[in-house]
Number of protein chains: 2
Amino acid sequence: MAQPWTLHPQLANDTGFIGDLTLSQALLMRDANYPWLLLVPRRAGVSEIVDLDPADRVQLMTEIADASRVLKSVTQCDKLNVAAIGNVVPQLHVHIVARRRDDPAWPRPVWGAAPPRAYEPAALAALIDAIRRALRLG
Amino acid sequence: MAQPWTLHPQLANDTGFIGDLTLSQALLMRDANYPWLLLVPRRAGVSEIVDLDPADRVQLMTEIADASRVLKSVTQCDKLNVAAIGNVVPQLHVHIVARRRDDPAWPRPVWGAAPPRAYEPAALAALIDAIRRALRLG
């Protein structure tokens, strides 16, 4: 029997839940420096995009585009950064980060650039709600 | 009339030419620290993955998977890093980097982590040739 998918505890710890898309769980990183989504395909044991089967890869691309569009519209950001890195947490997860020319890391990538900054709880809830509605979830 | 696509001069300067896939130009970064491909969709004026039309996005995913498979097979790396960042060079380009647990940046992402290291010319030519053959180019 195939092993069931469960979210990696490090990702669960670092994020708030947005909702389940067709393939991926959508999460918001708890870092108020940048509006930052994660898409985590619900497929057990997958570390690389190329490990997904072809239909799942196409679905992941659709979800990257949908999440990108929503994040850009909700945040009015200057640039999107999209990345699957996974050197530390091996479970496949795609970062979609809304970047601004005045954010703490610009123009560098966000990883390791600035200590995470906590959200005000109301701001976190409002952002998650806006993204959820724009993704037509819940 | 639509503006023709030309490779951004910064990308041309930093890379060696591998070949043209259906959508993207495949390039090798001139940094011997890591085997590092770029895929640059030949679409003028596009900065974000979500700016590509849906068919091009699917083709880009196919080319990411093909390039990932080839890079992994040629380098026997431990991990792939796949990213579209573009904070400095606005022309859409996707990085596919072969990572090893003993490379100069591990486990951090490669951007800004270590000064580029020049290839020996013969090593550069051999790597480009191996990748070109594995991609069935030329």
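Modeller: At this meeting place, 28 residues of chain A are in contact with 28 residues of chain B. Contact means heavy atoms within 4.5 Å. The model is predicted, so to speak of local features we need pLDDT of at least 70, and side-chain atom pairs count only at pLDDT 80 or more, while totals for chains, interfaces and linings use all residues. Residues are numbered from 1 along each chain as its sequence is written, chains are lettered from A and ligands numbered from 1 in the order in which they are written, and side-chain values use heavy atoms, with hydrogens and water left out.

Now the area. Chain A and chain B bury about 2600 Å² between them. Of this, 62% is on carbon and sulfur atoms. Buried area is the accessible area (1.4 Å probe) that two parts lose on being put together, summed over both.

Next, the polar side. The rule finds 16 residue pairs in polar contact across the interface, both residues at pLDDT 80 or more. A polar contact is a pair of N or O atoms within 3.5 Å; within protein, one must be able to donate a hydrogen and the other to accept it, and residues adjacent in sequence count only if both atoms are side-chain atoms.

Which elements of chain A touch chain B? Both α2 (54-75) and β4 (79-84) of chain A supply at least two residues each. The largest share, eight residues, comes from α2(A). Helices (H or I, at least four residues) and strands (E, at least two) are DSSP runs, numbered from the N terminus. By class, this side of chain A has 16 nonpolar, five polar and seven charged residues. Here Ala, Val, Leu, Ile, Met, Phe, Trp, Tyr, Cys and Pro count as nonpolar; Asp, Glu, Lys and Arg are charged; the others, Gly among them, are polar.

Then come the charges. Side chains of opposite charge can pair when their charged atoms come close. Two salt bridges are found across the interface. A salt bridge is a side-chain nitrogen of Lys or Arg within 4 Å of a carboxyl oxygen of Asp or Glu. Lys79(B) pairs in this way with Glu48(A), and their closest N and O atoms are 2.9 Å apart. Over all chains, the count comes to 14 salt bridges.

The strands meet too. β4(A) is joined by three bridges to strand β4 (residues 79-84) of chain B, and the two run antiparallel. Two strands pair if DSSP finds at least two bridges between them. Ala83(A) has Ala83(B) in β4(B) as its bridge partner.

Step back to chain A as a whole. Chain A has three helices and five strands. Along the sequence, their pattern is α-β-β-β-α-β-β-α. The radius of gyration of chain A is 14 Å, close to the 14 Å that the globule rule gives for 138 residues, so chain A is as compact as a globular protein of that length. This radius is taken over C-alpha atoms, and the globule rule is 2.2 Å times the number of residues to the power 0.38.
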